[in-house]
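Hello,

I am handing this structure over to you. Please open it first, then read my notes below.

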Amino acid sequence: MAMDEGLAWAVPVVLATLGALFFAARRAGAAAEAQFWGSGFALSAAAFAFPLTDAVIPTKLIAFVSDTAFATAYLCYAWALVIRYEGHRLLRARVALLVVGVVAPIYGIFVVDSLPAEVLASDLTCMAQLAFALVTIRRWPATWIDRGIVAISWAIVAQNLLLTASIPLTIAGADPTEFFGTTYSDLMFSWALLTYLGFALLALSAVMSELVNGHRNDALVDPLTGLLNRRGLDQAASEPRPRQGDGVIVCDLDRFKQVNDTWGHEAGDNVLQAFAELVRKVVGSAGVAARTGSEEFVLYLPGAPVHLAASTAKVLQMAMHRFDWSSTGITGPQTASFGVSTRRHSEALEHALRRADRLVYTAKRNGRDRIEVDGSSDGLKLSVATA
């Protein structure tokens with residue numbers, strides 16, 4: 001029984017559309033794997049579409065082009081899995097499998113002129129490429145989407161095995177020109193529409209989810225230093241506050257305009273990046289840090305009392321004194337003025353930042369490279385000068 005032509009064309013149209021979506025995601029900034037997913041589905045669309053042109057193109061040429069497109073498509077799928085799950089590259093082995101996937105069907109098409117031999121060679125080599133990728137991945141999928149991708153990948157391997165096993169019954173002694181009159185072609189197109197669609201939708205969901213999360217993170221991060229920006233700081237500090245309050249440190253680099261004017265903006269950027277790295281090391285997992293202005297930074301320490309925040313500021317000040325600033329392209333030291341405050345329970349972050357900011361100006365008036373500490377919550381006020 002011949003396959004319905006509408007169903008036959010539905011497969012390449014759907015696959016081509018999915019391939020285009022992956023390419024669009026890649027152009028929008030998705031990870032490199034999207035390019036390989038897109039290439040795989042585009043090639044699969046071509047492989048399914050080519051046999052539908054049998055009235056125009058010679059049968060053997062159609063078979064060769066279609067099998068080659070399938071082999072290359074499966075290499076793309078395999079490589080997308082390798083990228084996503086940090087698999088072993090083993091490029092030579094994968095290229096060797098591709099070569100076998102192209103050459104083996106040629107034997108069935110042009111040497112023995114056997115449809116079963118051609119289909120057997122194509123199915124087995126495509127299945128081998130995907131299975132090889134799956135057994136060489138090193139990162140076990142952690143999310144349900146990733147587990148679904150791996151599961152449906154194995155389902156496609158199993159599907160190819162079942163189709164291969166069915167060849168004696170579904171193709172028998174059919175001539176290559178009679179492919180669309182076989183039960184095999186009905187099964188291949190029907191199963192492909194289901195498994196490829198599920199495969200693509202899961203992979204596309206994973207790619208798009210990471211793309212959206214990446215853009216969301218970009219909106220919260222300062223691109224120069226990699227620290228949070230003000231929006232990111234507000235979000236990080238939006239959790240319910242413990243009753244003891246949180247430590248807030250505002251630090252402003254001293255005479256930073258002079259750095260830009262004397263050594264140029266590239267050196268200024270280097271100074272900002274170097275300072276951000278010092279901040280990261282000092283804060284660690286105890287809190288978060290943000291760049292909230294040109295040379296202004298905020299360290300936010302959940303649950304830290306004012307004396308602990310002051311100690312953290314002192315550690316950062318000492319780290320600046322020890323750092324070799326000549327590596328950034330400037331001569332001499334770079335210092336900062338610090339204001340330390342506490343965000344009290346149920347208080348808006350803005351109020352604590354304002355107090356700390358005023359203390360920064362006090363530190364600058366008192367000679368810079370100082371730490372001014374607001375102890376109003378504890379009944380004390382400290383001023384820490386350069387050691």
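Which residues does Arg 355 touch, not counting residues up to four places away in sequence? They are Ser 341, Thr 342, Arg 343, Arg 344, Glu 347 and Asp 374. Please keep in mind that this is a predicted model.

Some more on that residue. Arg 355 sits in helix α12, which covers residues 349–365. Is Arg 355 buried or exposed? Its relative accessibility is 12%. The cut-off for buried is under 20%, so Arg 355 counts as buried. One of the residues it touches is Asp 374. The side chains of Arg 355 and Asp 374 make a polar contact, at 3.5 Å.

Now the whole protein. It has 12 helices and six strands. The radius of gyration is 31 Å, whereas the globule rule gives 21 Å for 387 residues. The protein is therefore more spread out than a compact globule. Along the principal axes, the C-alpha atoms fill a box of roughly 95 × 45 × 30 Å.

Of the 387 residues, 48% are buried. Take the contacts with a separation of 6 or more: 71% of them join residues 24 or more positions apart.

Last, surface and charge. The protein exposes about 18,000 Å². Carbon and sulfur atoms supply 62% of that area. There are 32 positive and 35 negative charges.

Best wishes

How values were computed. Residues numbered from 1 in each chain as written. Predicted model: local features only at pLDDT ≥ 70, side-chain atom pairs only at ≥ 80, totals over all residues. Heavy atoms only, no water. Helix = DSSP H or I, 4+ residues; strand = E, 2+ residues; numbered from the N terminus. Rg over C-alpha atoms; globule rule 2.2 N^0.38 Å. Buried < 20%, exposed > 50% of the residue type's maximum accessible area, 1.4 Å probe, protein only. Contact = heavy atoms within 4.5 Å. Areas by Shrake-Rupley, 256 points an atom, 1.4 Å probe, with all protein chains shown as cover. Lys, Arg positive; Asp, Glu negative; His and termini not counted. Charge placed at Lys NZ, Arg CZ, Asp CG, Glu CD. Polar contact = N/O pair within 3.5 Å; in protein donor to acceptor, adjacent residues only side chain to side chain.
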